There are 2 protein chains.
Amino acid sequence: MVNRMVEQQSDDLDLDAIFQALAHPIRRAALEQVADGPKSVSELAAPHDVSLAAVSKHLRVLEDAGLLAVEQDGRVRRCHLAAAPLSEAFGWLTRYRVFWEDRFDALEDHLEEDTP
Amino acid sequence: MVNRMVEQQSDDLDLDAIFQALAHPIRRAALEQVADGPKSVSELAAPHDVSLAAVSKHLRVLEDAGLLAVEQDGRVRRCHLAAAPLSEAFGWLTRYRVFWEDRFDALEDHLEEDTP
DNA sequence: GATATATTAAACGTTTTGGTTAAATGAACT
DNA sequence: AGTTCATTTAACCAAAACGTTTAATATATC
């Protein structure tokens, strides 16, 4: 019980950072870009109409959320997708899936699930 | 093609608001609370260690993101879950599912998917 | 060694976020 | 009518987010 609360709390911290990271279009775009393969910071910045420094900061947010893995390669930083934390966000959302998929089954499922 | 870009842009606005709404523990908790059935503002505020006014603002954020539907019932506001927009966030995440589920299949699937 | 390139750091300004307390609104109860 | 209850609004504050421009840093290249 205590265990569960502690676990939830740390998950919360993760989820805060993850959802926050996903809440900006440039950062979501960056994730889409690296999903096509590793990209340098400049490559990631190119499509966006903000300064390179701004993009650099966005990438830091993604990195801090654990969504972007960066590897130094000479003077270039190769950014690649680290998707694992997304599964946490996905997992959180999954609990609500029944609520938009089938409204009637949803209630049943939920009640059963919560009273084992 | 143009259609897709326009669509994506409006989705972006939604996703910004949705992910932003999910990025705070009190707001996520509120959604969990209303998932158990409609709740008044006071009921939603009770478990949290902030003022009622603060919770009221959080609920407004959820409402603006379309995640909370509020219905006036006398002097009480009945808040109930509006899960539909969550499917948008879910949909966005789904594209990355393969990246954390099976790393090798992921690349294949992705490449196939992107080059029909 | 000098210079160009890639990226971050610093300093700064504006807007948004998240919280507070106190007052306002509006429905319900006596 | 007056009071209590549920909730929001207003005014305010501190911190964070997001952007800029101008250093600084470190690696390539000539």
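I take helices (H or I, at least four residues) and strands (E, at least two) as DSSP runs, numbered from the N terminus. The expected span of a helix is 1.5 Å times one less than its number of residues.

This is a predicted model: local features need pLDDT of at least 70, side-chain atom pairs count only at pLDDT 80 or more, and totals for chains, interfaces and linings use all residues. Residues are numbered from 1 along each chain as its sequence is written, while chains are lettered from A and ligands numbered from 1 in the order in which they are written.

Entry: chain A overall. I find seven helices and two strands in chain A. Along the sequence the pattern reads α-α-α-α-β-β-α-α-α.

Entry: helix H4. I looked up H4 of chain A, residues 52–64. This helix has 13 residues and reaches 18 Å from its first C-alpha to its last, close to the 18 Å expected at 1.5 Å a residue. Next I checked burial (buried: 20 or more other C-beta atoms within 10 Å of the residue's own; exposed: 12 or fewer; partly exposed in between; C-beta atoms placed from the backbone). Val55(A), His58(A), Leu59(A) and Leu62(A) are the buried residues of H4(A). Seen down the axis of H4(A), they fall within an arc of 100 degrees, so they line one face of the helix. I take that arc from the directions from the helix axis to the C-beta atoms. The face turned away from the buried side carries the exposed residues Ala53(A), Arg60(A) and Asp64(A). Gly66(A) follows H4(A), and its phi is positive, near 80 degrees.

Entry: H2 against H4. The axes of H2(A), residues 25–35, and H4(A) come within 10 Å and cross at roughly 75 degrees. That makes H2(A) roughly perpendicular to H4(A) (65 to 115 degrees). Which residues of H2(A) meet H4(A)? Ile26(A), Arg27(A), Ala30(A) and Leu31(A) meet Val55(A), His58(A), Leu59(A), Val61(A) and Leu62(A). Contact requires C-beta atoms, placed from the backbone, within 7 Å.

Entry: chain A against chain B. I find 24 residues of chain A in contact with 24 residues of chain B. On the side of chain A that touches chain B, the elements giving two or more residues are H1 (2–22), H2, H5 (84–94) and H6 (97–101).

Conventions. Axes are lines fitted to C-alpha atoms, for helices over the stretch in contact, and angles run from 0 to 180 degrees between N-to-C directions. Angles under 35 degrees count as roughly parallel, over 145 as roughly antiparallel, 65 to 115 as roughly perpendicular and the rest as oblique. Two residues are in contact if their C-beta atoms, placed from the backbone, lie within 7 Å.
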